[in-house]
Amino acid sequence: MFGKLTYHFPVLQVLAFAAALLLVQTVFSACAVRYSRRFSLVERIKATD
C-alpha cells in the first residue's frame with residue numbers, strides 16, 4: 001500500500017552545515033582574541049570583579 005521507503009543520509013548538507021559552524025567559530029574566536037588583546041591582563045582581571 002505505501003510502497004518501499006528508502007532513506008538517504010544528506011551527506012552534502014551535513015558537511016556544509018559543519019563547515020558553516022566551523023567558519024562561524026573561527027571568525028568569532030579571531031574577533032574575541034583581537035578584542036581581548038586591546039586590554040592588558042590586569043585590566044581584564046579587574047573587569048571580572
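Helices (H or I, at least four residues) and strands (E, at least two) are DSSP runs, numbered from the N terminus. This is a predicted model, in which local features need pLDDT of at least 70, side-chain atom pairs count only at pLDDT 80 or more, and totals for chains, interfaces and linings use all residues. Residues are numbered from 1 along each chain as its sequence is written, and side-chain values use heavy atoms, with hydrogens and water left out.

View 1. The C-alpha trace spans about 70 × 20 × 10 Å along its principal axes. The accessible surface is about 5200 Å², computed by the Shrake-Rupley method with a 1.4 Å probe; for residues, only the protein chains shown count as cover. Carbon and sulfur atoms hold 70% of that surface. Of the 49 residues, 0% count as buried. Buried means under 20% relative accessible area, exposed over 50%, and partly exposed in between (1.4 Å probe, protein chains only).

**View 2. Tyr7, Phe9, Val11, Leu12, Val14 and Leu15 make a nonpolar surface patch.** The patch covers about 690 Å². Patches are made of residues with over 30% relative accessible area and no salt bridge; like charges are joined within 9 Å, nonpolar side chains (Val, Leu, Ile, Met, Phe, Trp, Tyr) within 5 Å. A salt bridge is a side-chain nitrogen of Lys or Arg within 4 Å of a carboxyl oxygen of Asp or Glu. Val14 lies in helix H1 (residues 11–37). Val14 counts as partly exposed because its relative accessibility is 38%.

**View 3. Arg34 sits in helix H1.** Its relative accessibility is 65%, so Arg34 counts as exposed. Ala16 is 18 residues from Arg34 in sequence. In space, 27 Å separates the two, C-alpha to C-alpha.

**View 4. Arg37 also belongs to helix H1.** Arg37 counts as exposed because its relative accessibility is 69%. Leu23 is 14 residues from Arg37 along the chain, and their C-alpha atoms are 21 Å apart.
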